[in-house]
Amino acid sequence: MSETSPTPSEPAAEEPLAGLVAQFTSPEALKKAAARVRDEGYTRWDAHSPFPVHGIERAMGVRRTILPWLVLGAGISGGMAAILLQWWTNAFDYPHIISGKPLFSLPANIPVTFELIVLLSGLTAFLGNLVLNKLPEFSHATFRSERFRRVTTDGFFISLDATDPKFDEAAARALLESAGAAAVDACRVAAPARLPAVVGWALLVLGVLATLPPVLTLWYRSIPKRSPRIHLIQDMDFQPKYKTQAASPLFADRRAMRPPVEGTVAVGRLREDEYFHFGRTQDGWARSLPMEPTDELIERGRQRFDIYCAVCHGYDGAGGGIVSKRAIERMEPDWATPVSFHSNAVRQQADGQLFHTITGGAGKMPGYAALIEPADRWSIVLYIRALQLSRNAAAGDVPDEIRRRLP
Amino acid sequence: MSSTLAENVDNTTDDPRRRAALVIGRRDYASITDRVCGVAEMPRTPPAWYVLFAFSSLLTAALFASVGYLFVTGVGVWGNNSPVFWGWPIVNFVFWVGIGHAGTLISAILFLFRQRWRTSINRFAEAMTVFAVMCAGLFPAIHIGRVWLVYWLAPYPNQMAVWPNFRSPLLWDVFAVSTYGTVSVLFWYHGMIPDLATLRDRAGGKLRRFFYGLFALGWRGSARQWHRYEVTYLLLAALATPLVLSVHSVVSFDFAVSQLPGWHTTIFPPYFVAGAIFSGFAMVVTLMVPARAVLGLKELVTVRHLDNINKVLLATSWMVAYAYSVEWFMAWYGGSPYERFAFLNRALGPYAWAYAIMVTCNVLVPQLFWFKRCRTTPWIMFVVAVLVNVGMWFERFVIIVGSLSRDFLPSSWGYFRPTPIDVLMLVGSFGMFFTFFLLFLRFLPVVAMAEVKTVVAHDAQNHDS
């Protein structure tokens, strides 16, 4: 380590005096001397030690720092900012319900609120300490004293600033020596060189230029645009694939979508049986089902009917389904009341025609070919026939054994 | 201050008539500075340092090479696969965050409790915290799949017009770990400013003077500065104390808030915090025992310090043991068959070997610390501490992998197998940790000199009166 020189190195005489530093031997001596300097009425001075000397604040008359209040303010702002952020983002600007919870409820927001309180308070404590202590301060008169370097090892010092209104070199030196100083050094520092004006202008220009990118970004973001906004990461914007109806140089016909080979039939699309698939025979509409009508088929038909038909036509087939009821309630101008299957017009239709209506639709009703398999459409036809019969059957139509069980 | 030679070198016995000395050997201010700064001012770096540094940087390079491989290839380079989607990366994350708890605990909580013995070890433990949090932060960041979109975690106005979901514990984690990292660095650096000024004032070379001067910020040790410095320290300690308890609680929410049996338990926050302190203190012992011997700090970091740390280890070992057993009770008392299965499976299922390692290392081995001989013999405590570190890694493995591999749907059950990349990343993260730690030992004040001096001054006053 570098030992201090026995005599203070005197700088060039033309440099003005910036202050005095006096070394003391112990924390106690420092405290006593600090009280003397305070009582003399000096204001620009300080005591220095390698570790905090307890009670020195009182000896010097240092007021308690306002830092705790700044930190309290930062903590409150951090907490409020966190609550506001979470409310605004999750409950207001982009409301989305998670697990059926309310859009805004405090418990889920406590962790982030707490963390932001601590983060803002911690940053304020750290930076507030630096600002209030006027750090960083890389150049200071006391650093001119070789002896003063021991202050961070084992030296106890008092420094008097020459700008103090009471400062007088001889009197100050006498005071420090009478207060028990082991040594007193004068610190001389030339007035700090001023920066050339060019530097200031250059910094100003640079500062203005530096604001350009964010301003341009904000401007670009605020104007309406037809094309998608530029992403930082364009992951999904460029997808190496052909879209529908796009052209491709790979094929002679320049179509990216390839037509199937001549004569291709998709699975389930082979409709050779006119009767089964279209409900037509050579004599017009088929008058019966292409399969055996069984109880299972009626049951299947009931199930399909309740799923696909009942919402409009009603469970009884009279045309009063819930969709229709609601549309009439709302007086929808375009609503066409579904037909009743019990009307004569429908009762007289052939089975094939009913099948055709389910397949292709009629009037406002869409076709159900895409939703219901042909066999199921036939089962629905059978069930409709059952419904119709239920309203127009004579007692004699019921089989004997069942009729006997009826009340 | 007269230089007193400690008459009683064994400071582990308690004599109720007077306080045991916290620091032994020559106890004047200059010799404390000489001793601590001597470490950073060694004229020639010892060859052993170069060997260790080369080795740890090699591992760090391996870590980043495997991270690069992950980036270009995708998360398939890990063993993560259905149903274990959180494999070693999250185990490593929780492990390192846990290690990072001891530093702030020693700095903040022991400070508030006026435990003056902390002054010799707090700098060291805080450095450990900062480096451990750096290792921890790496893993969730690379675990998100499309790493280049990591900034989506931040709530910033974007062209997609969406915001992150603040109900998600994973987002809480982002805030908790980044706040913890920031405040730990601030706390560490704030405490170091006066000591950096000491190094600046002793620096011989221009380069050293410039850099130490830069980071010392022109500290002059003035009473007005010290006053604000101490208030700041107290404030940071008061802020860091709930923070240190909150961080691992929030990490535990990642699990506890989900519905997986084995994760969905309310005991997790205190259980995780106790485990974090346990593993952090174990890491302090692991690092401190060799460092104090090699760096010649045995008089500042005395056997009494190690004894105290080991007592904390014993106490926290019992806390995790309590958590392990209460989990069993809750599984039985809760009456959920899935919960019961999860815990039976934990101890007797395919990962029974990991559970056995966990219980042996975390509960059985630390019981050695009932014996004073074990608490005060460096090599024994070193072995115990290393085993505790192993056990705590396996605790996270058991919780994460063990629970995930047996979820609700037996058809998706699976057994997790790590890939070489998994192993390389774990080993590499140790490399990164030790690389930073070696740099810290070589260039920064390893003991808080100014704080030790206050302890010495305090001792001297007590002695005089």
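## Chain A: overall form

Of the 407 residues that make up chain A, 27% count as buried. The model described here is a predicted one. The secondary structure of chain A consists of 13 helices and eight strands. Its radius of gyration is 48 Å, whereas the globule rule gives 22 Å for 407 residues; the chain is therefore more spread out than a compact globule.

The C-alpha trace of chain A extends over about 135 × 70 × 45 Å along its principal axes. When contacts between residues at least 6 apart in sequence are considered, 71% of those in chain A join residues at least 24 apart.

## Chain B: overall form

Chain B contains 16 helices and zero strands. A compact globule of 465 residues would have a radius of gyration near 23 Å, and the value for chain B, 23 Å, agrees with this. Along the principal axes, the C-alpha trace of chain B spans about 75 × 55 × 40 Å.

Buried residues account for 50% of the 465 residues in chain B. Among the contacts of chain B with a separation of 6 or more, 82% are between residues 24 or more positions apart.

## The contact between the chains

The two chains meet through 55 residues of chain B and 58 residues of chain A. On the side of chain B that touches chain A, at least two residues each come from α1 (29–40), α6 (169–202), α8 and α16 (449–464) of chain B. Which of these helices gives the most to that side? It is α8(B), with 16 residues.

By class, the residues on this side of chain B comprise 30 nonpolar, 17 polar and eight charged.

## Helices α3 and α8 of chain B

Helix α8 of chain B, residues 223–256, also packs against another helix of its own chain. Its axis and that of helix α3 of chain B, residues 88–99, come within 10 Å and cross at roughly 165°. An angle over 145 degrees counts as roughly antiparallel, and α3(B) and α8(B) are therefore roughly antiparallel to each other. The crossing in which α3(B) passes α8(B) is left-handed.

On the α3(B) side, the residues that meet α8(B) are B:V94, B:V97 and B:G98; on the α8(B) side they are B:V247, B:H248 and B:V251. Sorted by class, this contact has four nonpolar residues, two polar residues and no charged ones.

## A buried valine in chain B

B:V284 is part of helix α9 of chain B, which covers residues 268–294. Is this residue buried or exposed? B:V284 counts as buried because it has 26 C-beta neighbours inside 10 Å, the cut-off for burial being 20 or more.

Apart from neighbours within four places in sequence, B:V284 is in contact with B:A102, B:I121, B:A125, B:M128 and B:I309.

## Backbone features in the loops

Each chain has a cis peptide bond to describe. In chain A, the bond from A:L135 to A:P136 is cis, with omega near -5°; A:P136 belongs to the loop between α4 (106–132) and β3 (156–161) of chain A. In chain B, B:S82 and B:P83 are joined by a cis peptide bond with omega of about 0°. The loop that holds B:P83 runs between α2 (47–73) and α3 of chain B.

Two residues of chain A have a positive phi without being glycine. A:K134 has a phi of about 55° and lies in the loop between α4 and β3 of chain A. With 11 other C-beta atoms within 10 Å, A:K134 is exposed. For A:Q245, phi is near 65°, and this residue is located in the loop between α6 (197–222) and α7 (274–278) of chain A. A:Q245 has 8 other C-beta atoms within 10 Å and is therefore exposed.

Notes. Residues numbered from 1 in each chain as written. Chains lettered and ligands numbered in written order. Predicted model: local features only at pLDDT ≥ 70, side-chain atom pairs only at ≥ 80, totals over all residues. Axes fitted to C-alpha atoms, helices over the stretch in contact; angles between N-to-C directions. Helix = DSSP H or I, 4+ residues; strand = E, 2+ residues; numbered from the N terminus. Parallel < 35°, antiparallel > 145°, perpendicular 65-115°, else oblique. Left-handed = near helix turned anticlockwise from the far one by under 90°. Contact = placed C-beta atoms within 7 Å. Nonpolar A, V, L, I, M, F, W, Y, C, P; charged D, E, K, R; others polar. Rg over C-alpha atoms; globule rule 2.2 N^0.38 Å. Buried ≥ 20, exposed ≤ 12 C-beta atoms within 10 Å, placed from the backbone.
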